[in-house]
Amino acid sequence: MTDNVVVETPGASDASERPGGVQGVSAVLTERGVRQPLGTANVRLGGEGLWGVWQERNRSRTIHHTIREVRAAGNLDNLRAVAQPGSPVASEREAQGAAPTEYRGRYPFLDTDVFKTLEGIAYEIGRGEADAETTDFFEESVALLESAQQDDGYLNSYFQAETVEKQPWDDLAWGHELYNLGHLIQAAVAASRQMGDRRLLDIASRFADLAVRKLGPDGQNAVDGHPEAEMALVELFRETGNRDYLTLAELLVDRRGHGTVELRVFPAEYFQDNAPFRELDSVTGHAVRMAYLAAGATDVALENGDETLLEASERLWRDMSRTKLYITGGLGSRHSDEAIGDRFELPSERSYSETCAAIATMQWAWRLHLATGDTHYLDAFETVLYNAYAAGLSSDGCAFFYDNPLQRRPDHQQRTGAEPDGEILRRAWFVCPCCPPNIVRWMSELQDYVATTGVGADENTLFIGQYTTANIDSDGLSLDMQTAYPFEGDIRLTVTASEGASRTLALRVPAWCHSATVTVNGESVAAEAATADGWLRVEREWVVGDSVELHLDMPVRAHGSHPAVDGTRGAIAIARGPLVFAAEQEDNEAPLDDIVVSVDDVSRARVVPTDLDGHAETQAVAIVLPATIAATRADSELYPELTSGRAASAGTVNPSAATPDASPTQLALIPYYLWGNREPLTMRVWLRRDIPSVTTERK
Ligand code: FUB
Ligand code: ZN
């Protein structure tokens, strides 16, 4: 395809007629849920809040770093190499006498690194914040994609490469063709909604039309081995009005689970092909695949009003959040197959918790929230965001974790299943670089997850679901939100414009908060009774200058774990607000493994500033906690006998804090997401707790 030709899609509507109707709307734009996201035009992040700071870092550092890595890795060269004869890019190559080039990279899904980056960039261009390097990358990529797309709509630089023997659609289990399509669609929808630029949407629609012909109701009874296209196809339906895309998404959800995927290396669970989604009793298999599938299924349920599908999604979420999520919101405890693992199988040091799985989990949570209005999903969203997701990026915005452990031992060796060699801490890029550009796009669209409006009985309500410094506009009411959240629990909202009509402001009270107060213009509003569903509602005729102050009590908390979690049984983790904290050796003299914490001491914790996040605009906090050093004896037995009557003679029971050799100390902890920005030393989220332990000496 050589020109920027708009191909008519049956049923597709013009941008001005599409459900969203205008630019600056959000990434997920359903009209069928009980909440409607406000979107980019109506929520602008402020530079002093953590989300705004993250977004600015993304814009000025991470996007540039990613562009350079994507270029250096050859992703654009791969697209250039498959330019269609007669296309501008092919003509240019011919003029230069360029020879066919090998596909660069190991995986067939490397086009998605470009797509995810474009998705993020579309937001920055739409905001008017992109610089020349960013815009040039966007333009060059669009031109390459236009030139590379085949006449039938097919687009995949791996399968199209002259040097790759496999043919398109030959290997649906591993080929990732629809996974590629899904990310292309999401970039295209972002460009259409944020920039009003439909070039990518035309490309994506042509490929999606081919997918409909290939795999739709009249096509092959097959699915892609990697879910992702489901939610993207639903969004393409929302953007264009073409129901074929929704139908294909529904088919892809319901075909899976019937032994549909051709198995070679991985088992059916890996692909969520062991049981239909509607019948699954627990999240299973490859973590990213599972969560993307669940997000897509929720989208299908929303658009089709499919209650049983929504129930299945909610049931799976419940099971996951009760038995398979790390305290950080990380999903996936097995390096092997990048899989989720059994219920309660949550080892700290081998936590996989892929950064992409964190993003997928937030996408799933968001859709469930839009469908149900349940604040539990927003609680989970912020847990994942501030912990499992945020840990994926270094403070300087230019290095990434792929897997996110909750513990690093002093003698740790790199043994990750994803990237066996290389640095122990975050890396500039990966052979399988799925996570870095995923971080990029998510940072760019953070504002989409701040606020929603209600429908039906809640039509008149503006829901503020996440707290960060931002300006929010909703139906004639404008608010300026200022807060140091998540480091502090005070949120101030000032009305900057109002049409005077009565509106309800609903403020989320997170589940971790046991005491919330709110004042309007300095006067208390009864809060307790109002928060039964997690929302604190204030209704009035707002006038400019009205001030709402929400105080979320944010004491330091101690958490234990379910007795079935062998990996952390009897240990203690420290949290404050939505942040989980971690101890790093750099801040503590005594070896972390020797430090014992008592639940009773948590109330004596001090919250102190730290500059570890490196952002002048925000003041991150650390925690200092009274604790005890109970030295681990090098000669202790690995498996001391505990049998009644034998333990005493074999060794001594050491109740840690009470033993004469225990000495007091102060344990310093930092937000988990900031770990690993210094030397690769020891780190722990789960700490030793002052329960009796046995220190037996070898005889
Ligand atoms: O297969 C595409 C991506 O690569 C997956 O989502 C990640 O887990 C990584 O395996
Ligand atoms: Zn990833």
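L200 is buried, with a relative accessible area of 1%; buried here means under 20% relative accessible area, exposed over 50% and partly exposed in between, using a 1.4 Å probe and protein chains only. This is a predicted model, where local features need pLDDT of at least 70 and side-chain atom pairs count only at pLDDT 80 or more, while totals for chains, interfaces and linings use all residues. Residues are numbered from 1 along each chain as its sequence is written, chains are lettered from A and ligands numbered from 1 in the order in which they are written, and side-chain values use heavy atoms, with hydrogens and water left out.

**Around L200**
- L200 sits in helix α8, residues 199-215. Helices (H or I, at least four residues) and strands (E, at least two) are DSSP runs, numbered from the N terminus.
- Leaving aside residues up to four places away in sequence, L200 touches L118, F138, V142, L145, L184, A187, A188 and A191. A contact is a pair of heavy atoms within 4.5 Å.
- Between L200 and W174 there are 26 residues in sequence and 25 Å in space, C-alpha to C-alpha.

**The nonpolar core**
- L200 is also among the residues with the most contacts inside the largest nonpolar core, along with F277, I464, I472, L552 and L667. That core has 217 residues.
- A nonpolar core is a set of buried Ala, Val, Leu, Ile, Met, Phe, Trp, Tyr and Cys residues joined through side-chain atoms within 4.5 Å.
- L552 has its own list of neighbours, including Y467, Y485, I491, W512 and C513, not counting residues up to four places away in sequence.

**The whole chain**
- The protein chain has 16 helices and 24 strands.
- Its radius of gyration is 26 Å, which agrees with the value near 27 Å that a compact globule of 699 residues would have. The radius is taken over C-alpha atoms, and the globule rule is 2.2 Å times the number of residues to the power 0.38.
- Along its principal axes, the C-alpha trace spans about 85 × 65 × 45 Å.
- Buried residues make up 61% of the 699.
- Take the contacts between residues at least 6 apart in sequence: 74% of them join residues at least 24 apart.
- The accessible surface comes to about 25,500 Å², and 48% of that belongs to carbon and sulfur atoms. Accessible areas come from the Shrake-Rupley method with a 1.4 Å probe, and for residues only the protein chains shown count as cover.

**An enclosed helix**
- Helix α15 (residues 435-444) is largely enclosed by the rest of the structure, because 10 of its 10 residues are buried.

- Y485 and P486 are joined by a cis peptide bond, with omega about 5°. P486 lies in the loop between β7 (477-483) and β8 (490-498).
- Q272 has a positive phi, near 55°, despite being a residue other than glycine. You'll find Q272 in the loop between α10 (243-255) and α11, and at 1% relative accessibility Q272 counts as buried.
- N521 also has a positive phi without being glycine, near 50°. N521 lies in the loop between β10 (516-520) and β11 (523-525), and at 39% relative accessibility N521 counts as partly exposed.
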